[in-house]
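Have the model open beside you as you read.

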Amino acid sequence: MTTSGAKLIAIRCQECKRIMTPPTYSCLTCGGTSLEQVQLSGTGTIYSVVTANLPAIGFEALAPYVVAAVRVEGNLMMTARIDAGDKNIPKIGDKVRFVSSDDGRYVFKPLD
Amino acid sequence: MRDVAVIGVGITNFGNLVDRSFFSLACEAGQKALKDANLKARQVQTFFLGNMASECLAVQGAPAAYIARNLGIRDIPCTKVEGACASASIAFRLGYLAVAAEMVDFALIGGVEKMSGASPERTLAANFAAMDNEKDAKSGLTFPAFFALCMQRHMYEFRTTRNQVAMVSVQNRKNGSVNPICTYRIPTTIDSVLGSRLIADPMHLLDSCNRADGAVAAVLCPFKRAAEFTSKPIRILACSQSIGTPSISDTDTLVEFRATVVAAAQAYEKAGLGPEDIQVAEVHDCTTITEIIDVEDLGFVEKGMGGPILEEGRFSLDGKLPVNPSGGLLSRGHPFGATGLAQIYEIVLQLRGLAVNQIPDVKVGLAQNIGGTGATGTVTILGR
């Protein structure tokens, strides 16, 4: 699957400027309903990372897999699977790069 | 708002009770609580039932109505309350409010979950139902993985050691080893915890609570009338509830649960007390790291100091502030919809002087319960 060029899209509140992951129905901070799509850089930092030995529903074939809380622009925290491939599993503070977001299934990889 | 008392409590054994039905568990706890309160079923004026997943696990909807009728209750409002793992403490709060607001004099509160007997698929579905399924679960998050993320971050930010985290399991399982209602009554060691299989590296199996069947009940009435029913009424000094940040994408920290912090602040203010006044606490140890975060969020220690202070022994049975003398979720097992009331049950026993691991001369105790990945939380302060 080629994912080069995939864009990381977020939602921004036009009133308080909070950045959120879609789908967003109201601003989580101010309750505002004027929301707009924004494109993020796709670069994030590992806030925390673990290996899921027991898989989530639908992830059985991938177990064990790496799942992380990734911090991107606007202090937004994202839940994402990390596809490290042949590389080492990234640690807290390491930079990661957005790969894909198929129906809200976020995947990041270690930054080269 | 008038003062409210707990005048009766009842509990079943917790465990893998394969020959017990959903209704039989709930009715055993309800009958025990009514008997303890010297109250007849027909005197109950409202019933709130904590239950998370009866529709899925026991294939039973409208459980409050069915359980009430099986207790001989009729013609009153009976309501199921769902807030994931905090369902029963939220039910307790609603009963407390109904009595405090002078809507009723007698409230029955229940909490029940029947988990054995459900298929693996239903068990998994019930478990994942408490997560944000539009966000977190889609990217592969599991409950152990969520709390493992908290553990990793806590160890990174505060230099909490893996041994300190494992010690929560050792301490609670030691407490629970003498408590006959607990599912897990064999003490464990740090080596055993860290030698048990990984479920969400760095989280091991013995870092996490496990499922169980079980039920709990409590009877509430105005404090002024409590002496008609019991010589040891327990006063509800506060019972607060707040939502927190249900999804990872809604939070900027995984080393604090906002629901606990907010509910604790409200409960302390209402009770006119502070964390330094609490003499015993039952906190939500769904995993080892959760307890470390809980004692910090409740203000028992400074943020980040949960590990070292636990290691020093402050929260052990002979420490300054014993935490989870019952054995906690780690020993009791975790029937989602019963746990919150099981914690309150233990604090009631401590205040009556009748707990298995009785802390001497307890006058004020606290119970803290979390639902989901921090979606909702309660803090209840009881006194005598």
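Predicted model: local features only at pLDDT ≥ 70, side-chain atom pairs only at ≥ 80, totals over all residues.

Let us begin with exposure: a residue is called buried under 20% relative accessible area, exposed over 50%, and partly exposed in between, using a 1.4 Å probe and protein chains only. By that scale, B:Asp3 is partly exposed, with a relative accessible area of 41%.

Residues are numbered from 1 along each chain as its sequence is written, chains are lettered from A and ligands numbered from 1 in the order in which they are written, and side-chain values use heavy atoms, with hydrogens and water left out.

**Where the chains meet**

The size of an interface is often given as the accessible area lost when the parts come together. Here, buried area is the accessible area (1.4 Å probe) that two parts lose on being put together, summed over both. Chain A and chain B bury about 2700 Å² between them, and 56% of this is on carbon and sulfur atoms. With contact meaning heavy atoms within 4.5 Å, 35 residues of chain A and 33 residues of chain B take part.

Two salt bridges are counted between chain B and chain A; the term stands for a side-chain nitrogen of Lys or Arg within 4 Å of a carboxyl oxygen of Asp or Glu. B:Lys138 forms a salt bridge with A:Asp103, with 3.4 Å between the closest N and O atoms. There are also 20 residue pairs in polar contact between chain B and chain A, both residues being at pLDDT 80 or more. A polar contact is a pair of N or O atoms within 3.5 Å; within protein, one must be able to donate a hydrogen and the other to accept it, and residues adjacent in sequence count only if both atoms are side-chain atoms.

On the side of chain B that touches chain A, α5 (120–128), α6 (143–158) and β5 (198–201) of chain B each supply at least two residues. The most comes from α6(B), with seven residues. Helices (H or I, at least four residues) and strands (E, at least two) are DSSP runs, numbered from the N terminus. This side of chain B divides into 16 nonpolar, seven polar and 10 charged residues. In that count, Ala, Val, Leu, Ile, Met, Phe, Trp, Tyr, Cys and Pro are nonpolar, Asp, Glu, Lys and Arg are charged, and the others, Gly among them, are polar.

Strand pairing also crosses between the chains: β4 (residues 43–52) of chain A and β5(B) pair in the antiparallel sense over two bridges. Two strands pair if DSSP finds at least two bridges between them. The bridge partner of A:Ala52 in β5(B) is B:Ala200.

**A sheet in chain A**

Chain A has an open sheet of three strands in the order β2-β1-β3, with antiparallel pairing. Its edges are β2 (19–20) and β3 (35–40), each with a single partner strand, so one side of each is left without a neighbour in the sheet. Strand β1 (residues 8–13) of chain A pairs with β2(A) over two bridges, and A:Ile11 stands opposite A:Met20 in β2(A).

**Salt bridges within the chains**

Over all chains, the whole structure holds 20 salt bridges.

| Salt bridge | N to O distance |
|---|---|
| A:Glu36 and A:Arg12 | 3.0 Å |
| B:Arg2 and B:Asp105 | 2.9 Å |
| B:Arg235 and B:Asp3 | 2.5 Å |

B:Arg235 lies in strand β8 (residues 234–243) of chain B and B:Asp3 in the segment before β1 of chain B, so the pair ties together parts that are 232 residues apart in sequence. B:Arg235 is partly exposed at 25% relative accessibility. B:Arg2 and B:Asp105 also belong to a network of salt bridges, together with B:Arg225 and B:Glu228.

B:Gly214 lies in strand β7 (residues 214–222) of chain B and is buried, at 0% relative accessibility. Its C-alpha atom is separated by 6.6 Å from that of B:Lys114, 100 residues apart along the chain. B:Thr380, in strand β11 (residues 376–383) of chain B, is buried too, with a relative accessible area of 1%. Not counting residues up to four places away in sequence, B:Thr380 touches several residues, including B:Phe92, B:Cys239 and B:Leu366.
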